[in-house]
Amino acid sequence: MLQDILVTGLVNGGVYALLAVGFSLIFGVARIVNIAHTAFYMLAAYCFYALQVKGGLGFVPAAAISVVAVTLLSVLCYRLVIEPVREHEAAVLIATIALALIFQELMLFSFGGHYLGIPSTLEGGIRVLGVSIPYQRLLILVVAAAMLAIVWFVLYRTRLGLAIRATANDLEVANLMGMNVQRIAMATVALSVALAAVAGVVVAPVFVVDPFMWLAPLVTMLAIVVLGGLGSMKGSLIGALVIGYVEAITVFALPAGAYLKGAVALAIMVAVLLVRPEGLFGVAFEEER
Amino acid sequence: MIRSAMLCAALALSSAALAQGTLKIAILGPMAFVQGENHWAGAEMARDEINKAGGISIGGKRMQIELIRGDTNEIQSVPDATNAIERVITRDKADFLIGGFRSEAVLAMQEVAMDYKKIFLGAGAAHSKLGLNVEQNYDRYKYWFRITPVKDVDLARTLFAVMNSIGQQIRAELKTDTPKVALLAEKAVWTEALVAAAQKNLPAMKMEVVGTWQPSATATDVTAELSAIDRSGAHIVFTMLSGPVGISVGRQMGERGMKAVAWGINVEGQKEEFWQAAAGKAQFVSTLDTYAEVEMTPKTIPFVRAFKARFKKAPTYNAATYDAIMILKSAIEEARTTEADKLVPVIEKIEHVGTAGTDTFDKRHDLVWAVGKTAGIAVQWQDGKKVPFWPPNIKGMQPFKMPAR
Amino acid sequence: MYLARRAWAELRNEVFVLPSRTAVLLWVLALLALPVVYSDAYVLRILTMTCIFAIFAASWDLLAGYTGQVNFGHALFFGAGAYTSALMSHKLGITPWATIWAGAAVAALFGFAAGYLCLRLRGSYLSLATLAFPLIALGLLFAFPDFSGGELGISGLRRLALTPVTNYYVAAVSMLAVVFGLWAIADSRFGIVLHAIRDDEVAARASGINTLRYKLAVFGICAAAAGLAGALFAHYLRVAGPSSLEVALSFQVVIWGIFGGLATIYGPVAAVFLLYPLTEWLGSFKAFGELRLLIFASIVLLVLLFMPRGLAPWLRDKIEVQCPRCKQRNGAWRSVCRLCVAPLQTQVTRPERLVGHQ
C-alpha cells in the first residue's frame, strides 16, 4: 500500500502541478483573480477534441492550434472585459465569473452536455514499484516540469518577468517607472492562459470533457495556490504535491471515505488561510497584511 | 401587456383545442441532456403512432395527442424544475404529466403535481420515497405512478441475480471457489442500502468482499481506488455508479489493463456515447440496462429498431415515456374519461405489455419486479457495442466475456 | 386624524420630492396589490421565488458592499437556514412558522463562526476561504446521509401557507420587512462604521472602533437574513437539498449584488426583480431556453462594463442629482436645491470681462 500511495500521489500531484502553474502565475504573481482560468483550460480541451477527434488532425498540429487560439482569445477577452474594470477587484471577479459562464454555455450549446473522451496521446503504461502508470500520466509529469522550468526562467531571468513581478508588487510605482502596465498585464494573462491551454491539451485526455469541467479544478487550484503561497512558483509545485499526496492517503487509508478527498483539500486550504495566510512559501504584499 | 397577450393566446389555443379534441401531455425533463432528449423522443414516437391511427377514442369521440415540452433543467437547478411544472400546468394547461429524472427535483415536482391533482407518470427517478409517499398518504399522492425504473431496492435484486450468473462463470473458467468482489459505489444515498445488501448477501452467495471504495459521484480520477482494487486481487468490481465517475472507471480500468471485470449499475455506461467518452478503453464493462435488440416482449425489437432509425441512436430507459403514453391511452379508453380520479383505479389494475417488459403496479404505484418482466437486462461493452447477455434464456442474448488472463 | 395628516406631510416632504423614493413606494404598493389584480399561479410562484432571493441578495450586500467582506460562500447560510428549518419541522414536528426563526438563528451562529474564522483575512483571501465553507459543509452533509438525506435532502416538508396567494404574501411581506430593516441598519450609525471598516480598517481601529465586534455582528445579521431566506425557500419548495448550498448559488448572489450595485441594498433587490423573472421568461421559449444562462452572463458583463457601479446607482444618477453645497439629493429636473436653494447645475457661460465698465 505504501508504494501505491507514493506513486499515485506523485502522479496526481504532477497533474495538479501542471494545472496550478498557470493559475499561480495569474493569481499568485499578478494578483488578478481570474475565475475563468480553468474555463480557458476547458476551451483548449474542447478545441483539441474538435480538431483531433472530429477534424482528424494529428496530435501536434491540433495541440498547437488549440493553445494559440485560446491564448489569443484570452488576450481579446482581457482587453475587452477585464482591463476596463481592473481597479475594482470585485468587478474583476464578477467579470471573470461571467466569462466562465459564457464559455460554459457556449460549449454546452455547441457540443451538448454529454461527456466526451479524448484519446490519450501515448497508449500503454509501465509498472513502477508494482503500480501500473499509464504513459499519458508520465507525459503530464514531464510537461509539468518543463512548464515550471519555463515559467521560472521567464519570471526570474528575463526583463519581462521582472516587469511582471514589479507590476504585481506595486502597480502605480511600476507605471511611474515607465513600464507599459497594460502590455505587461496582457503578457501575463497570455502566458498564464497559454499554460492553462497546454494543461487542457495534455491533461484533458486523462479526465472526461464536459461543459462543467472547469468548476472542480478551480477549487482545487485555489487550494493549491493558497497552500503553496501566493507569488511563489516553488510553493505551487510543493502545494500540488502535498494535495496530491493528501488525496492519495485519504483514498488508501479510508476507502469508504474516498469522496471526502475534495473536502479534505479544502479544509487544508482553510486551515492554511487561518493560521498562515501567506501559505508555505508565499510573498505577502504590504496592503494585504 | 405581453403577459396578457400570451394569456389570451393560450386561452384561445386551449379552447380551440378543446373544441377539436386534443389531449395535452406535458413531457418534463432536462431537455439539454440525454435524459430529457430520450423523454421527448419516446413521447414523440408514441404521439405520432397514436395520432396516425386516429387518436385516443373516448366513447366514440376521438382525441389527438399534443405534447408540451417542459424543460426542467433539473440537473442544474431544482427550483427551475418546479417552475417548469407549474408553468405547464397553469400556463399550458397540460392534462397529464410524464417524465422527471433527478430524484431531488422529482420529489419537489411531485408535490406540485399532487397539489393540482394531475396524474404524474415518473420516467426516470428511482428513489423509493416517491412510492412511499403513495403508501403513506394515498389520497394526496395517488396520482403518481412510476413507469420506469423499478425502485432502487428492486434494482438490487436484479444486480445479485446477474452477479450469481457471473460468479458461476468465473468459478468455471478460473477454477476458483470463491470469486473476490470489490465494491465500488459512489457516495450517495441510493447506494447506501445497496452496499449494505452486498456486504451481507455476497458471502452468502459464496463470494468474498475484499473491500468497499466510495468515490464522489463527480470524481474524474479513480486511479487511487483502482490501484487499491488491483492490489486486493478482485475478480469482479461491483459498480454502483450514476455519475461521470462511471466513465473514469471504465477508461482507467482499461488503461491499466486490469484483469477484473466490472459489473453493476453504471448509468453512463448505458449511453451510446460511453465508448467514445472512455476513449475506446472500456472493454468488458457491464451494466444493468433496459433496451437492446432482444425479445423481452414482442414490442421490444420493433421499438428499438424504429427508435434507432428515427433518432440515430439507441434508446435509454427514459424513452419509456412511450410506454407511459400507451398506458394512458389504454386507461383512458377503458375508463372512457380523462378525469384523473377515475383513471387512477384503472391504472392500478392495468397489465401492460410495454417495450421493456410487462408492467403491473403494486400498492405504492411502483412496478412489480419480476425477472424477464420488469427486471431489466444486463449488457456488456464489447468492441464498441453494447452486447446483451442476461437473462440468458431470452432470444437475442449473447455470452458474457472476461479479460484474458 | 393627526396621524393621517402627519403621514401625508411626511409623504409630501420626504417621499414625493425624490423620484427614486416615489418609485420605491410605487413598487411596494404594486407588490402588495398584485395578487388582487392578477392571480395566475405561475406568476405568483416566480414572484415568490424572487422575493425570497431578494432577501438573500440584500443580506449579501450588507456584508460585502458595506463592510467590504466579499463573501463567495453566502450559500452556506442559505443552506444552513434551509436544512435547520427542514430538520426541525420534519423530524420534531414543530410548525414551520417557528422553525424558520430557528433556521435564521442557526444560520446566524454559522455566520459568527465564519466571521470569526475570517477575522484576519482580507480581499481575495477572504473570498477564497468563504468559497470553501459551503463545499466543506456539503462534504459533511454527504458523510451523514441518515441525518441529512444525502444527495436528496429532506423532502415532504410542510408549507407555510396553503394557497399560492398566501405564500406570496408571506414571502413579499418578509422581504419588505427584512430589506427595509437591512437598509435601516445600513443607513444608521452602524452603517457608517461599516463603511469605515471597508475603506480603511486600520484607521477605524485607530479611531477607537472595536472592528472585531462590528465584523462579527454584521456576519451574524447577514447570515440570519440569508438563513431566513433559505428556510422560506425550503418550505416553499417543500424540499431542502444540497442544491441550497451549491457554488452556483453563491456565484449567483455575487452577480446580483454587483449587477445591482454594491453598498446600496436596493440595488441587489432591483437586480433580482429584474433578472430572475427575465431569465425565467426567456427559459420558457424553446429557442431561448438553452441560451438562458448565456444571455444572462452577457447582460451581466455588459452592465459591468458600462455601469461599473451597478445598475441601480447608474439609473439613480440619471434621475437625481446631488446638491454641491448640502449634499442632499434632488430631482434632476430642478434648477435649485430643494433644501438650501443653491444652484444645482453650475453654468459654464462665456468668459465675461469682469474688469472695466459694463
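Mentor: This is a predicted model. Along its sequence, chain A runs in the pattern α-α-α-α-β-β-α-α-α-α-α-α-α.

Trainee: What does the secondary structure of chain A come to?

Mentor: Chain A has eleven helices and two strands.

Trainee: Why is chain A called as compact as a globular protein of its length?

Mentor: The radius of gyration of chain A is 19 Å, and the globule rule gives 19 Å for 289 residues. The two values are close, so chain A is as compact as a globular protein of that length. The C-alpha atoms of chain A fill a box of roughly 60 × 45 × 35 Å along the principal axes.

Trainee: How many of the residues of chain A count as buried?

Mentor: Of the 289 residues, 57% do. To count as buried, a residue needs 20 or more other C-beta atoms within 10 Å of its own. As for contacts in chain A with a separation of 6 or more, 73% are between residues 24 or more positions apart.

Trainee: What makes H4(B) roughly parallel to H5(B)?

Mentor: Helix H4 (residues 103–115) and helix H5 (residues 129–136) of chain B pack at an angle of about 30°, with axes 10 Å apart. Angles under 35 degrees count as roughly parallel, so H4(B) is roughly parallel to H5(B). In this packing, Val106(B), Leu107(B) and Gln110(B) of H4(B) meet Lys129(B), Leu130(B) and Asn133(B) of H5(B). By class, that contact has three nonpolar, two polar and one charged residues.

Trainee: Which helix gives the most to the side of chain C that touches chain B?

Mentor: H3(C) does, with five residues. In total, 25 residues of chain C are in contact with 24 residues of chain B. Helix H3 (41–66) and helix H14 (286–289) of chain C each supply at least two residues of that side. The side of chain C divides into nine nonpolar, nine polar and seven charged residues.

Definitions and conventions
Residues are numbered from 1 along each chain as its sequence is written. Chains are lettered from A and ligands numbered from 1 in the order in which they are written. This is a predicted model: local features need pLDDT of at least 70, side-chain atom pairs count only at pLDDT 80 or more; totals for chains, interfaces and linings use all residues. Helices (H or I, at least four residues) and strands (E, at least two) are DSSP runs, numbered from the N terminus. The radius of gyration is taken over C-alpha atoms; the globule rule is 2.2 Å times the number of residues to the power 0.38. A residue is buried if 20 or more other C-beta atoms lie within 10 Å of its own, exposed if 12 or fewer, and partly exposed in between; C-beta atoms are placed from the backbone. Two residues are in contact if their C-beta atoms, placed from the backbone, lie within 7 Å. Ala, Val, Leu, Ile, Met, Phe, Trp, Tyr, Cys and Pro count as nonpolar, Asp, Glu, Lys and Arg as charged, and the others, Gly among them, as polar. Axes are lines fitted to C-alpha atoms, for helices over the stretch in contact, and angles run from 0 to 180 degrees between N-to-C directions. Angles under 35 degrees count as roughly parallel, over 145 as roughly antiparallel, 65 to 115 as roughly perpendicular and the rest as oblique.
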